[in-house]
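Hi,

Here is the structure I promised to pass on. Have a look at it first, and then read my notes below.

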Amino acid sequence: MKRVLSVALGVLTAIGGFVDVGDLVTNALVGARFGVSLLWVVVVGVLGIVVFAEMSGRVAAMTGRATFDLVRERLGPRAGLLNLAGSMAVTGLTFVAEIGGVALALELVSSVNYLLLVPFTGLAVWLVLWRVRFSILENVFGLLGLALLVFAVAVWRLGPDWSSLVDQATHPSVPGSEGVPTYWYYAVALFGAAMTPYEVFFFSSGGVEEHWTRKDLGTSRLNVLVGFPLGGVLSFAIAISTALVLLPAGIEVDTLGQVGLPVSEAVGRVGIAIALLGFFAATFGAACETGLSVGYSVSQYFGWQWGKYVRPREAALFHTVLLLSTIAGVAVLLTTVDPIKVTEYSVVFSAVALPLTYFPILVVANDPDYMGEKVNGRLANGLGQVYLVLVTLAAVAAIPLMLLTKAGQ
Amino acid sequence: MSGGSAGRDAPGTAAATAGGRRLDAALRLLDRQLVDRDGRLCGKVDDLELERRDDGSLVVTAILTGPGALGPRLPGVLGRVTVAVWRRLHGDAEPGASRIPFERVAEIDSAVHLTMSRVEAPTHGLERWARENVVEKLPGAGDAPD
Amino acid sequence: MRLTDLLGADVVDAAGDPLGQVTDVRLAQTGPVGTGVLARFVVESLLVSPRHTGSLFGYERRHDQGPALLRAAVRLLHRRAVMVRWDAVDEWDVEARRITLTRDHERHPPEVA
Amino acid sequence: MGRRPVHLRRPVPVVAGVALTLTLAGCITPALDDDQYNAKAVAAVEAASSEVATVHLVLSQRAHRKVTSPYADEVVTSSETALDAIDGAFGAVQPPSPGADRTYDEVSQVLGSARDAVTHARFAVRRDDDGSYPARLAELRSAGDDLTTLEERLK
């Protein structure tokens with residue numbers, strides 16, 4: 001019984017923890033502009049993150065080594081350092097976006113300008129990283145993140161014409177009001193949002209934090225294979241809800257407040273309160289995850305002691321990195337950059353950085369010296385290779401599309 | 001785990017080493033995580049020290065770790081800066097790399113396990129500096145996370 | 001001397017014709033095992049290949065490691081990779097990073113198993 | 001290993017630089033001819049339309065008590081700020097020819113009434129003045145229609 005509960009908890013937190021500010025904003029924005037014509041990208045992206053998170057979780061369980069530890073081994077110190085710099089730039093940008101997202105969610109509740117809330121948010125995030133046990137962090141924010149299911153309720157209550165939606169989603173075409181490059185620009189952004197590299201750093205390091213062994217392989221797989229696709233359903237619901245409410249009204253999403261409007265339309269005041277809780281949990285949880293991912297990756301490159309399974313004084317350099325990156329994140333937001341814009345750029349640059357993360361994972365998951373008989377099977381390798389091509393295409397196309405479409409205008 | 005790399009048909013298997021384990025150093029040893037006897041992480045295998053014996057053989061005598069070993073492997077300016085900063089911090093004119101004698105290696109699998117505590121490890125300085133000057137200035141540094 | 005003095009060094013035969021560069025160094029365990037600590041490792045042979053790219057993935061030494069496309073690509077890059085024994089090294093100029101092999105050195109396939 | 005050339009060195013700073021430039025530059029770039037100016041006018045009107053529609057939606061939700069007053073206030077205020085920014089950015093672009101001045105006048109006038117409609121909506125929401133909602137909604141709808149008409153004419 002206890003085992004069932006813990007497995008259920010893992011799956012639930014995987015669902016609730018799946019969505020972050022990047023998924024929230026990008027899906028809402030795309031739904032409001034392109035309807036359901038880009039939903040296929042979410043499916044492709046979610047399958048991709050499932051494939052690679054499963055591999056990195058298996059590597060962590062079999063070897064006790066997290067992703068960046070192995071990136072340096074397989075790429076060497078030079079290419080490894082470049083990879084670290086690129087991955088950190090993107091994860092740092094995402095960290096900024098998440099802290100900004102928390103402040104924006106709090107602004108919607110408190111009517112206090114978000115800039116005043118940013119230092120407070122930064123302090124709260126840091127305190128959680130400093131003091132709170134890993135499992136509590138993961139479970140609390142994961143479960144609260146399930147509040148975003150209210151978007152699914154909203155879609156259901158809006159009562160769309162399902163057959164026409166399915167038809168549009170399965171026969172995607174570029175809406176007349178949008179250019180083809182813009183369509184593909186947002187396809188890349190959605191793909192980047194779904195496959196954000198930090199999710200893999202965090203997932204594999206989390207496995208080490210929780211001392212996974214070969215015995216936990218089943219649980220880890222279940223979290224990924226069930227939790228992530230159901231988390232993807234949340235992304236779906238967000239996009240469909242804005243496609244149903246905001247698209248017909250001619251509203252383009254550029255604030256977090258607009259993302260909630262389909263929920264208030266369909267579910268009312270209770271709905272919007274639940275959605276706000278979901279916004280807060282999703283962004284706060286992801287702020288902790290991205291902050292930790294920065295610390296994990298730097299420490300794993302240099303071989304420093306990292307992790308929340310030891311006291312802070314035993315992982316001093318790791319905690320110094322966490323402190324400095326939180327201060328830097330707050331400082332960036334205090335320049336008054338628009339957090340929603342930061343989010344939009346962060347998902348596109350995530351797409352650029354995808355191959356840096358996913359290529360080494362694919363190599364290591366095939367190495368029998370690490371993995372014994374648990375090396376990739378045919379399915380994992382078949383999908384892994386297809387996705388390696390896809391992430392490379394997305395990475396190569398991202399910047400040209402950004403310049404061509406003036407970042408999706 | 002890495003024992004799997006022992007090659008049956010590896011070339012030049014001398015009688016003295018027959019059945020002994022084979023390791024490809026760049027693939028299986030270099031850049032691997034160092035773990036101390038308490039399971040704490042304490043750096044990477046940044047290089048290996050080799051010593052030439054009179055009979056012409058080349059023996060691995062130590063693991064080299066820390067900025068003095070990693071710096072020279074980094075490209076151009078970055079590498080030079082790393083070494084220069086290391087020198088400045090270290091105080092010696094030619095500090096070289098930190099050595100961990102190979103006798104202190106207990107096991108090599110997905111990490112390199114040492115028979116020493118990381119406190120004795122020569123690269124503990126930076127970690128100690130961060131602990132004394134940053135982390136211990138903050139409240140609750142010694143508490144287990146709750 | 002360091003391992004990285006060997007890695008990347010140019011390898012030429014007795015006539016001065018290049019074989020490539022050292023991409024890895026195979027170590028062999030010597031002496032008694034089971035004393036609680038690992039016995040010494042000595043350099044047994046050098047992996048020599050015309051190029052370095054991708055050799056850290058190990059595919060040129062394993063024919064059974066997936067995924068197939070990656071293996072094929074790396075093995076193509078390293079199709080001329082060979083293993084030479086350390087006692088076939090005639091001269092090692094550490095400064096010039098150049099290794100000269102003996103006239104009668106043998107070249108072995110790089111497979112580990 | 002010290003002397004092999006490193007090929008992979010530059011992309012990271014370049015990428016970061018591009019990101020920073022794009023983020024900081026915002027959207028004010030000069031218009032070199034009437035076509036470019038016209039495109040900017042269309043973009044400004046489109047963006048304003050979206051804000052007016054947002055305020056209309058949230059106000060009608062507030063009228064039906066589907067959304068709390070602070071939330072509605074936040075949404076209306078953000079849209080008001082956004083309209084100011086759209087107006088300011090468009091006004092900062094120099095019309096490339098005297099003929100384009102007419103476009104400026106039209107756009108500026110329609111943006112002005114959109115701005116007024118949104119500001120009136122803010123007054124109503126902060127006061128939570130139920131009785132005035134139908135009139136405010138009508139004003140927003142009319143401002144929205146004007147924006148749409150102008151957008152279609154400019155295209």
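Buried area here means the accessible area, taken with a 1.4 Å probe, that two parts lose on being put together, summed over both. Please keep in mind that this is a predicted model.

On that basis, chain A and chain B bury about 3700 Å² between them, with 51% of it on carbon and sulfur atoms. On the chain A side, Arg131(A), Arg313(A) and Asp369(A) lose the most area to chain B, and together they make up 19% of what that side buries. The contact involves 40 residues of chain A and 43 residues of chain B.

Eight salt bridges link chain A and chain B; one of them joins Glu73(A) to Arg32(B), with the closest N and O atoms 3.0 Å apart. Polar contacts across this interface come to 20 residue pairs. H4(A) gives the most to the side of chain A that touches chain B, with eight residues. By class, that side has 19 nonpolar, seven polar and 14 charged residues.

I also went through the cavities: the whole structure has five of 30 Å³ or more. The largest has a volume of about 80 Å³, and its lining includes Ser56(A), Arg65(A), Leu70(A) and Pro360(A). Eight nonpolar residues, three polar and one charged make up that lining. The second largest cavity holds about 60 Å³. Of its 10 lining residues, Asp369(A), Leu27(B), Arg28(B), Arg62(C) and Val112(C) lie nearest its centre. Here the classes are two nonpolar, three polar and five charged.

Best wishes

Notes
Residues numbered from 1 in each chain as written. Chains lettered and ligands numbered in written order. Predicted model: local features only at pLDDT ≥ 70, side-chain atom pairs only at ≥ 80, totals over all residues. Heavy atoms only, no water. 1 Å grid on protein atoms, 1.4 Å probe; cavity = no way out; pocket = protein on both sides within 12 Å on 5 of 7 lines; lining within 4 Å. Points joined across faces, edges and corners; volume = space filled by probe spheres on them. Nonpolar A, V, L, I, M, F, W, Y, C, P; charged D, E, K, R; others polar. Contact = heavy atoms within 4.5 Å. Salt bridge = Lys/Arg side-chain N within 4 Å of Asp/Glu carboxyl O. Polar contact = N/O pair within 3.5 Å; in protein donor to acceptor, adjacent residues only side chain to side chain. Helix = DSSP H or I, 4+ residues; strand = E, 2+ residues; numbered from the N terminus.
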